[in-house]
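Welcome, and take a moment to turn the model around before reading on. The short report below walks through a few of its features.

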Amino acid sequence: MSNYDVIIIGAGINGLATAAILGKAGKHTLVLESRNKVGGMASSMEFAPGYKCNVFNDTIKWIDPRLVKFLDLRTKGLELEQPEILRIALGENSEHIAFHKDATKTVDSIARHSKNDSERWKDFSSYISKLAHFLEKAYELTPPNLPNVGIKEILRMRSMLGPISKHGTRGIVDLLRVVPMMMPELVDEWFENELLRSAIASSGIHHLSFGPYAAGTGYNLLHQHVHGNGIFHNAQFVKGGTENFAIALKDCAESSGVEIKTSKRVISINTDQKGCNGVTLESGEQIIAKQIVSGLDPNNTFMNLVGPSNLNPDFQTQLNNIRYRGSTARIHFALSNLPEIQGISKDEMKTVFSISPSIKYLERASDAVKYGHLADKPYVEFVLPSLLNSDFAPNGEHVLSATVQYAPYHLRNTEWSDNLKDQLRTNVVNTLEKVIPNFRSIIKHTSIISPLDMERQFGLTEGNLNHGEMTLDQFMFMRPTISSSQYKTPINNLYLCGAGTHPGGGLHGTNGFNAAREVLKG
Amino acid sequence: MSKIKKYDAIVIGGGHNGLTAAAYLGRAGKKVLVLERRHVLGGAAVTEEVFPGFKFSVCSYVVSLMKSNVMRELMLPKFGLELLPLESTMTPLDNDYLIRTADSDQTYREIARHSKKDAENYMRFGPAMGQIGMAVRPILETIAPNPIRPSLSDISATKKILDHVKSLTSKQFEYLTKLMTMSSADFLDEWFEYEPLKATMSASGIIGTFMGPRSPGSAYVMLHHYMGDIDGAYRSWGFQRGGTGAVSMAIARAAEHFGVDMMTEASVEKVIVKNGRAVGVALENGDEYNSNIVISGLDPKLTFLKMLDEVDLPSDFVTAIKNFRIRGSSGKVNLALDALPNFTCLPGDGHHLRGAISISPSYDHLEKAYDDAKYGDFSEAPFMDIILPSVLDPDMAPPGKHVMSCFVQYAPYDINGGWNDQKREDFGDAVINTIARYAPNIKDIILHRQILTPADLESTFGLTEGNIFHGELTLQQLFSLRPAVKWADYTTPIKNYFQCGSGTHPGGGITGSPGEMAAKKILGTW
């Protein structure tokens, strides 16, 4: 039985990214995945005979450019496709705004609703891109161990000098203003048209349990626009499905000698006085390694695998206080025909649609989380992945995958059940029928993934897609906790590389890249 | 007829910060004139006999945040400052109550009656928050540096703050970060389990704020209210004998003692600007007064957009002030009572009437109240912070009668259909009905009622949109960004024109702090 330098738990994007980098650096690395295939949040699945879907994410907002370069991913089978139209925001009375790759075309689309707003659009998108530039650099860092910052930490943060010298201290001030904002505060400063305002606000609530009236949604909006190349609502599709990103990383890792084993569930991270030394699998098998890296969320890593008895009480308190509070559900529909959306041609449908007629609509949907029930009129984002991947549905048929907010994990006076899922489906179908009039009649199959399903099937605590809420109190040096924000943990030789670390969720691999750097430091 | 007389400084607005600034300048030997639009000094810290024999702290109703060095330096106790401690906070519930008093053993027992764990944690919570209050203090007492083009003193102020932050323990820093960013409900959930306790504590995170307890950002407002400092004791609230107007009067007497002139019913129309410098003010009645400097105690919207012409200001600054958020969210209902209210949960007289009565049975109660306002209506069942000043200070009402002050949330300034007389009465009814749920005799003992909507707060007290803090206490409107970057150190783009109101660092409440720090800044550059 060979001893490994490093064991990585979880073959999601970050686990695979860490593995590929460590493999390339010559570490004898083993990746253990509990499911029967790699991919985690990037997974695809056949949800009904002949119909495939991207389980969670139809698009990728950004991939860490350092990762792409270091692993040379472009030549390893990763093909990204950026559609001409990135998003279409659907309003009432079949009006819509199209956000194009080409900002000039976006301006034209906005001008049909408001001349004033169209004139401000380019300034706004470069303003957001300027602020995101600061985050891009901050995301490359291992967060400092605050408040004890010494000269070494300051020197390590010198990459921040780039954006500072480019945008001046005025840039920092703008960043400090926008990050804590709530969405209405941001859009009030720029725009008047409600459909445009809510289309912007929808970016700030992406995968959050809060609504647009929550302070700090400014930060979540900027997070979606990191490495956005100045394009608002930037998004890319992975050719062949989102899972191909994971497969490209897997190929990379394996080509440098990393072993990846699926259907291997780790049930404990084993520790002794010196720290952790290996893992035990469900089968009872024990595997020893010098370093362990967990791509799971902090709750699973520490509470379930390390075990509370091996954690000091202060750290336990911090872990218990991490907020997960998943509030997003996914629904996949198998359709007999391509849906018809008024005013949108088939070619234009290779995009992300959002249904958010007003900011108040979004906020009302979010109120459901506070009171622990489903949103009657949810915020729905949807994609037709079968238009991009012909093998996702039988010829002439299609798949519509919807992301639904808000469907809270924490419910009151009820629990997740088939009945509740039926209610969720009804709410979503009603919402979709406003823009796709005959929608109900073309549905052949439905697959609903509730936050509870996400927890049970994908190991996401409370069904949170980001391994912890993307809020300012869980940002950078606070992610996942103030004492474990440098990818290193209070347990010797145990590292974190998942979305629960800086800089949070999304299929970008930055957490994995940064974590690998810390693992290599030893 | 314009009188020609030249002052060293003119202060626009006789609110407590304006008076504080004037008193400090007077104390330094400057000849100062305070001009107040209303017939009475005090601004939002004012006592008025609204109904014959019944005196009310019409607007601001409790004092806790008054800085001790201001009290000392201006000798305020000598001029009539006398704070009577509020003895308790009581939350009436449908079949029970929660009471916290100044006696910590009693508080422990009362909380333990509902949750033993909470009682234990409560004893640790106070000191922990006190420590955070202390940790924030040096930041509040620093003149906010200008990050855009920092001067040497800005750099040294920044360095001092960074050094201070580095001196915090990891735990203090963690709490501070959480308090700056979280919702008050999420923060309190980490400590407590008993809902009425959590809801009542979270309520200080929503006062004066257009947020609910579950809104991120409300924890900071809660911290702001935890920095209360009466005689150096943290987290203590008091009632001023004679109403909060008596605080203003004490400061006014101090100012008078230092030779400050004060005029009421002197409404300033404009600041006179010549060659980019403020040289005096013009009153609505046509009078003009000249001075070396002019200081505005008004909120930023009035200070810049009303008192000046936009053309005199840099356009990015005008944009920043227009973007300054100042949404009003609260109303005030003042009741003249024939007798004491009788609470079903705690009948008769007692400690509970000598403190604050908080209508905050649950987070949901507060959130639903917020939801109403968020979508453009006043709360059907509002949150209230109620005190009965006449119980502590019998001079506030005729013998045997009482005054009741109800601070009410939420009442949005931008209400659907706009505020009118009918809506004001409906709002008053919602308030009375909500009280009646806990004290059913209320309807029978009301002799008079005064209802102030945010629109009334604006028209009567000059609080733009009825915001009691002269601008929301959100992270992006604090410190070097309050009210706008580059101009958070009490100076303005107009030479010799300064600001000293709650719209400047460190923000609202009866603190005297903006007034004091503005005066010190002015004297430092004079």
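The sections below go from the chain contact to domains, a sheet, a helix pair and some backbone details.

## Where the chains meet

This is a predicted model. In it, 31 residues of chain A are in contact with 30 residues of chain B. On the chain A side, the elements that give two or more residues are α6 (161-178) and α13 (359-371) of chain A. The largest share, six residues, comes from α6(A).

What classes of residue make up the side of chain A that touches chain B? That side has 16 nonpolar, five polar and ten charged residues.

## Domains of chain A

The domain assignment of chain A gives domain 1 (4-42 + 62-78 + 240-321 + 471-521), domain 2 (118-232) and domain 3 (327-408 + 410-449). Taken over C-alpha atoms, the centres of domain 1 and domain 3 of chain A are separated by 32 Å.

## A sheet in chain B

Chain B holds an open sheet of seven strands with mixed pairing, in the order β7-β6-β16-β17-β18-β15-β19. At its edges stand β7 (97-101) and β19 (446-452) of chain B; each has a single partner strand, so one side of each is left without a neighbour in the sheet. From one strand to the next, the twist averages 20 degrees.

Look inside the sheet for strand β15 (residues 330-337) and strand β18 (residues 402-409) of chain B, which run antiparallel and are joined by eight bridges. Here Gly331(B) stands opposite Val408(B) in β18(B).

Helix α6 (residues 170-181) and helix α9 (residues 218-226) of chain B pack at an angle of about 115 degrees, with their axes 4 Å apart. That makes α6(B) roughly perpendicular to α9(B).

Which residues meet where these helices pack? Lys178(B), Leu179(B) and Met180(B) in α6(B) meet Ala219(B), Tyr220(B) and Leu223(B) in α9(B). By class, this contact has five nonpolar, no polar and one charged residues.

## Backbone details

Chain A has a cis peptide bond between Gln405(A) and Tyr406(A), with omega about 15 degrees. Tyr406(A) lies in the loop between β16 (398-405) and α14 (418-433) of chain A. A cis peptide bond also joins His502(A) and Pro503(A), where omega is about 0 degrees.

Asn229(A) is not a glycine, yet has a positive phi of about 55 degrees. Is Asn229(A) buried or exposed? Asn229(A) is exposed, with 11 other C-beta atoms within 10 Å. Glu465(B), not a glycine either, has a positive phi of about 55 degrees, but Glu465(B) is buried, with 21 other C-beta atoms within 10 Å.

Terms used:
Residues numbered from 1 in each chain as written. Chains lettered and ligands numbered in written order. Predicted model: local features only at pLDDT ≥ 70, side-chain atom pairs only at ≥ 80, totals over all residues. Pairing = 2+ DSSP bridges. Axes fitted to C-alpha atoms, helices over the stretch in contact; angles between N-to-C directions. Contact = placed C-beta atoms within 7 Å. Nonpolar A, V, L, I, M, F, W, Y, C, P; charged D, E, K, R; others polar. Domains from an automatic or database assignment. Parallel < 35°, antiparallel > 145°, perpendicular 65-115°, else oblique. Buried ≥ 20, exposed ≤ 12 C-beta atoms within 10 Å, placed from the backbone.
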